[in-house]
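Welcome, and let's go through this structure together, one question at a time. Have the viewer open as you read.

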Amino acid sequence: MTDSSDPVIYVDADACPVKEEIIRVADRHGLVVTLVSNGGLRPSRDPMIRHVVVPKSADAADDWIAEEVKEGDIVVTQDIPLAARCVEKGALVLGNSGREHTPETIGMAVAMRDLKQHLRETGEDRGYNRAFSREDRSVFLQELDRICRRSKRP
């Protein structure tokens with residue numbers, strides 16, 4: 001049974017490659033996972049896993065998560081603007097690669113995202129992302145476990 005003061009893990013789930021890993025770690029820590037998507041995810045019978053389906057508009061999932069998240073919750077997203085909004089609210093934010101976004105690091109992440117977007121728009125960068133590796137998955141698991149432990153401390 002979860003304590004109402006336990007953090008919730010919110011997942012920007014549409015293109016998240018680590019959903020199963022999140023569910024495994026959350027189960028070990030007894031935390032509720034809320035998967036937010038535009039649809040297409042198979043519902044779970046596990047009462048610790050909630051599915052929220054939002055309209056198919058551009059930032060609907062991001063807006064829903066940013067509205068619901070509270071200080072101490074955990075957010076998993078690759079979306080840097082969403083990460084910035086959640087960090088501002090006091091959430092612990094982790095990218096799919098295992099990189100934590102903090103008040104100290106989010107400014108640089110936003111600046112790099114904006115620069116890369118500009119380079120893509122001008123044709124200087126094709127915007128290819130490297131493949132998600134087994135090592136990435138391992139780093140993510142370690143970091144999520146660490147953040148879950150940290151989030152449950154008084």
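Q: Which residue has its backbone oxygen 2.8 Å from a polar atom of the side chain of Ser151?
A: A word of context: this is a predicted model. Ser151 sits in helix 5. A polar atom of its side chain lies 2.8 Å from a backbone oxygen, and that oxygen belongs to Cys148.

Q: Does Ser151 count as buried or exposed?
A: Buried means under 20% relative accessible area. The relative accessibility of Ser151 is 16%, so Ser151 counts as buried.

Q: With which residues is Ser151 in contact, leaving aside neighbours within four places in sequence?
A: We already have Ser151 placed in helix 5. Once its neighbours within four places in sequence are set aside, the contacts of Ser151 are Pro7, Gly72, Ile74 and Leu92.

Q: Why do the buried residues of helix 1 line one face of the helix?
A: An α-helix has 3.6 residues a turn, so residues three or four places apart point the same way. In helix 1, residues 19–29, the buried ones are Lys19, Glu21, Ile22, Val25, Ala26 and His29. Viewed down the axis of helix 1, these buried residues line one face because they fall within an arc of 160 degrees.

Q: Which residues are exposed on the other side of helix 1?
A: The buried residues of helix 1 pack against strand 1, strand 2, strand 4 and helix 5. On the other side of helix 1, the exposed residues are Glu20, Asp27 and Arg28.

Q: Which strands stand at the edges of the sheet?
A: The open sheet has six strands in the order 3-2-1-4-5-6, with mixed pairing. An edge strand here has a single partner strand, so one side of it is left without a neighbour in the sheet; this holds for strand 3 (49–53) and strand 6 (100–101).

Q: What is the bridge partner of Val36 in strand 3?
A: Strand 2 pairs with strand 3 in the parallel sense, over five bridges. Within strand 3, the residue bridged to Val36 is Val52.

Q: Which element gives the most to the largest nonpolar core?
A: That core has 21 residues, and Ile65, Val75, Cys86 and Val93 have the most contacts inside it. Strand 1, strand 2, helix 2, helix 3 and helix 4 each give two or more residues to this core. With five residues, the element that gives the most is helix 3.

Q: Which residues does Cys86 touch, not counting those up to four places away in sequence?
A: Cys86 is among the residues with the most contacts inside the largest nonpolar core. Beyond four places in sequence, Cys86 touches Ile65, Ala66, Val69, Val75, Ala91 and Val93.

Methods:
Residues numbered from 1 in each chain as written. Predicted model: local features only at pLDDT ≥ 70, side-chain atom pairs only at ≥ 80, totals over all residues. Heavy atoms only, no water. Core = buried A, V, L, I, M, F, W, Y, C linked by side-chain atoms within 4.5 Å. Buried < 20%, exposed > 50% of the residue type's maximum accessible area, 1.4 Å probe, protein only. Helix = DSSP H or I, 4+ residues; strand = E, 2+ residues; numbered from the N terminus. Contact = heavy atoms within 4.5 Å. Arc of directions from axis to C-beta. Pairing = 2+ DSSP bridges. Polar contact = N/O pair within 3.5 Å; in protein donor to acceptor, adjacent residues only side chain to side chain.
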